[in-house]
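These are my notebook entries on a structure that I looked up. I record what I examined, entry by entry.

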Amino acid sequence: MSMEEAETLKLRAEAFLKNAENLIEEGVYDIAAFNLEQYAQLILKHKLLTKTSTYPRTRSIIRLLRELAKIDQSAENLIQEEGNIIYLTKLEDAYIGARYLPRRYEEVEVKAMLKFIKEVFKPVVDKI
């Protein structure tokens, strides 16, 4: 494992989250959704890299969480808690949808995704 790579993943994840917040303020919801997906993907890869010295070469947030669940049950709980899977799949969809499809995301939707990230996802992942 490269500590430099792990730190880079963490710093970039945090930058994507901050950028998502700024983009929401500016009303750029599609790219904000993409930035939220990138935050989730990179912070999970950071956690896996620091805990296991590797991570799967995938962009699937759910698959990354399942890998993390092998180390910490709270990652599996995050997937299984009622309603969370909807946010997780919506985040995964943003990887393609926000970049390639015509105007797709609404303000209320992206704000809900941000709230999920900050109030549900991030506290769980930070503790792992």
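Predicted model: local features only at pLDDT ≥ 70, side-chain atom pairs only at ≥ 80, totals over all residues.

Residues are numbered from 1 along each chain as its sequence is written, and side-chain values use heavy atoms, without hydrogens and water.

Entry 1, helix 1. I took helices as DSSP runs of H or I of at least four residues, numbered from the N terminus. Helix 1 covers residues 3-26 and spans 35 Å between its first and last C-alpha, close to the expected 34 Å; the expected span is 1.5 Å times one less than the number of residues. I then looked up its buried residues (buried is under 20% relative accessible area, exposed over 50%, partly exposed in between, with a 1.4 Å probe and protein chains only). They are Ala-6, Leu-9, Ala-13, Leu-17, Ala-20, Leu-23 and Ile-24. In an α-helix there are 3.6 residues a turn, so residues three or four places apart point the same way. The cover over these buried residues includes helix 2 and helix 6.

I found Tyr-105 in the loop between helix 5 and helix 6. Tyr-105 counts as buried because its relative accessibility is 1%. Beyond four places in sequence, its contacts (heavy atoms within 4.5 Å) include Tyr-29, Ala-33 and Met-113.

I located Ser-53 in the loop between helix 2 and helix 3. Its phi is positive, near 75°. Most residues other than glycine have a negative phi. Ser-53 is partly exposed, because its relative accessibility is 42%.

Definitions and conventions:
Helix = DSSP H or I, 4+ residues; strand = E, 2+ residues; numbered from the N terminus.
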